[in-house]
Amino acid sequence: MSIRGKAYVGGVYEHPIREATTQSTPQLHAESARGALADAGLTRDDVDGYFCAGDAPGFGAMSMIDYMGLKVRHMDSTETGGSSYILHVGHAAEAIAAGKCSVALVTLAGRPRQTPGGRPGARPAGPADAPEAGFENIYGGSTHTMYGMCAMRHMYEYGTTSEQLAWIKVAASHHAQWNPHAMLREVVAVEEVLASPIIASPLHRLDCCVISDGGGAVIVVSPEVARSLNRPLVKIIGSAEAPKGPRGGAGLDLTWSAGALSGPAAFAEAGVTPADIKYASIYDSFTITVLMQLEDLGFCAKGEGGRFVADGNLISGVGKLPFNTDGGGLCNNHPTNRGGITKVIEAVRQLRGEAHPKVQVPSCDLAIAHGTGGVLGARHGAATLIMERE
Amino acid sequence: MSPMSRKIPAPAVNPESKPFWDAAAEGRFLIKRCNACGQAHWYPRLACPLCFSDDTVWEQSPGEGTIYTFSVMRPDSPTPFAIGYVTLDEGPSLLTNFVDCDLASLRIGQRVKVKFQPTEGGPPAPVFAPAD
């Protein structure tokens, strides 16, 4: 069985807040849900499936379902870090195809800027009961260093340069200048990225994403519900997920991510190829995250990512593969240190023709939203979603 | 760039990992090898992550290998440190810190050897230093 064409994205909402000093985390989930329902033209009582991940406070889905007063007959709180929400859209399509629900709500929200230790570099490396805890968490690994190690190895094996990585930030900044909600709207040049301090070698400060409070929500609906809504039809045609980890440390290879597994599977289900894609939302915790995933998804050969992203190739209207036209995590928003849901939201905007006119891809009828959660330098989960404008 | 000054917190020890940390307290570096598939793995666990046999045994290792990759955290700060993976000569790669060296001199492929560094209230932890 395939989910191809079995479900549609009916509504999306990106919470505009970036500094949530007077809101609670449950409140941000609910405000995001209300926004996505309004976007779809549905009401709370239409929702019969709910999806959330590790950012949902308290007892996770149970707490949030109760807080929002949902009455659902299907729920799923699969946790794969920031990629969870891309995976959830795929799972929602599966549930809809199986008749388990017809209006699925996915939410994310959080306030890392208000939480002591909420910043990735400040928090403990992981839970003490994780099987690897004693052997890994003592070494001061943070998201920065765990991605820095990937970049270091990629440079060693393929000759990738800091200048090439910088082009990814430059492209994101070109897009962010048009987004009034973006945290960093100033266009930057390659030289400015290289002049910023090294945070975790070889990554500079401007190779890193922003830290933001906020949230987002997505509504996935059955074909029948989709056709009843007064919204453009955004059809889900492929999705896949995959884990990757050191797995005993044998043959460790940090130059590829689990996207190398989820990407081809999603493309196969969708029946399209990377060359067909008009717009790409690619998770961008760091510039190296984008480069590795573009290779893994097949937009270029492994090792060619540096050349692929250089010279503005990711800038809408300039290059061949417009990416993260909202400014992405590098410039716009990275709510609760998780990038998945904003990747889905901007891809839907592009497919609807609702992106900012300065970054809207003409005739955008095929888009990908892809992300990883956890850390590419150790264990992580990838999720790939391919959507088509009907 | 200065050498690592970072303090290492006490590692979480559980019944499965206790033999490793008991040996570490005596300055011995243990890895696990699987009798069924013959391969060594890291971090040590009861069931081999490569073939899932439970016929695994502790083996003392000289703790020698090469740097697979690394990253130096805030190299221009007063308290930089280096974290990375070492590929042991027995095969598996492990996460660690690099010590007793100028952090700016670290290179992928460099030969390193294990040593044990005191932790904050726990058994000593394996770290690696240049072999030459």
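Mentor: Helices (H or I, at least four residues) and strands (E, at least two) are DSSP runs, numbered from the N terminus. This is a predicted model, in which local features need pLDDT of at least 70 and side-chain atom pairs count only at pLDDT 80 or more, while totals for chains, interfaces and linings use all residues. Residues are numbered from 1 along each chain as its sequence is written, and chains are lettered from A and ligands numbered from 1 in the order in which they are written.

Let us begin with a backbone detail in chain B.

Returning to chain B, Arg74(B) lies in the loop between E5 and E6 of that chain and, although not a glycine, has a positive phi near 45°. Because Arg74(B) has 17 C-beta neighbours inside 10 Å, this residue counts as partly exposed; a residue is buried with 20 or more other C-beta atoms within 10 Å of its own, exposed with 12 or fewer, and partly exposed in between, the C-beta atoms being placed from the backbone.

In all, 38 residues of chain B are in contact with 30 residues of chain A, contact being defined as C-beta atoms, placed from the backbone, within 7 Å. On the chain B side, strand E1 (8–9), strand E5 (64–73), strand E6 (81–88) and strand E7 (93–98) each supply at least two residues, and E5(B) gives the most, with 6 residues. By class, this side of chain B divides into 22 nonpolar, 12 polar and 4 charged residues, where Ala, Val, Leu, Ile, Met, Phe, Trp, Tyr, Cys and Pro count as nonpolar, Asp, Glu, Lys and Arg as charged, and the others, Gly among them, as polar.

Chain A itself is divided into domain 1 (7–115 + 213–235) and domain 2 (140–211 + 237–389), with bounds that come from an automatic or database domain assignment. The C-alpha centres of the two domains of chain A lie 23 Å apart, and their contact takes 30 residues from domain 1 and 36 residues from domain 2. On the domain 1 side, E1, helix H3 (84–97), E4, E7 and strand E8 (234–244) of chain A each provide at least two residues; H3(A) makes the largest share, 7 residues, and the side as a whole has 14 nonpolar, 10 polar and 6 charged residues.

Thr22(A) counts as exposed because 8 C-beta neighbours fall inside 10 Å, and its C-alpha atom is 9.8 Å from that of Gln114(A), 92 residues away along the chain. H1(A) has 16 residues and reaches 23 Å from its first C-alpha to its last, close to the 22 Å expected, the expected span being 1.5 Å times one less than the number of residues. Its buried residues, including Leu28(A), His29(A), Glu31(A) and Asp39(A), pack against E1, helix H2 (61–68), strand E4 (103–110) and strand E7 (214–221) of chain A. After H1(A) comes Gly41(A), with a positive phi near 80°.

Helix H5 (residues 143–158) of chain A is mostly covered, 13 of its 16 residues being buried, and just beyond H5(A) Gly159(A) takes a positive phi of about 75°. Further along, helix H6 (residues 162–176) and helix H10 (residues 287–297) of chain A pack at an angle of about 100°, with their axes 9 Å apart. Their contact involves Leu165(A), Ile168(A) and Lys169(A) of H6(A) with Thr287(A), Ile288(A), Val290(A) and Leu291(A) of H10(A), which by class are 5 nonpolar, 1 polar and 1 charged residues.

Finally, Asn324(A), in the loop between helix H11 (305–309) and helix H12 (328–331) of chain A, has a positive phi near 40° without being a glycine, and counts as buried because 30 C-beta neighbours lie inside 10 Å.

Definitions and conventions: Contact = placed C-beta atoms within 7 Å. Axes fitted to C-alpha atoms, helices over the stretch in contact; angles between N-to-C directions.
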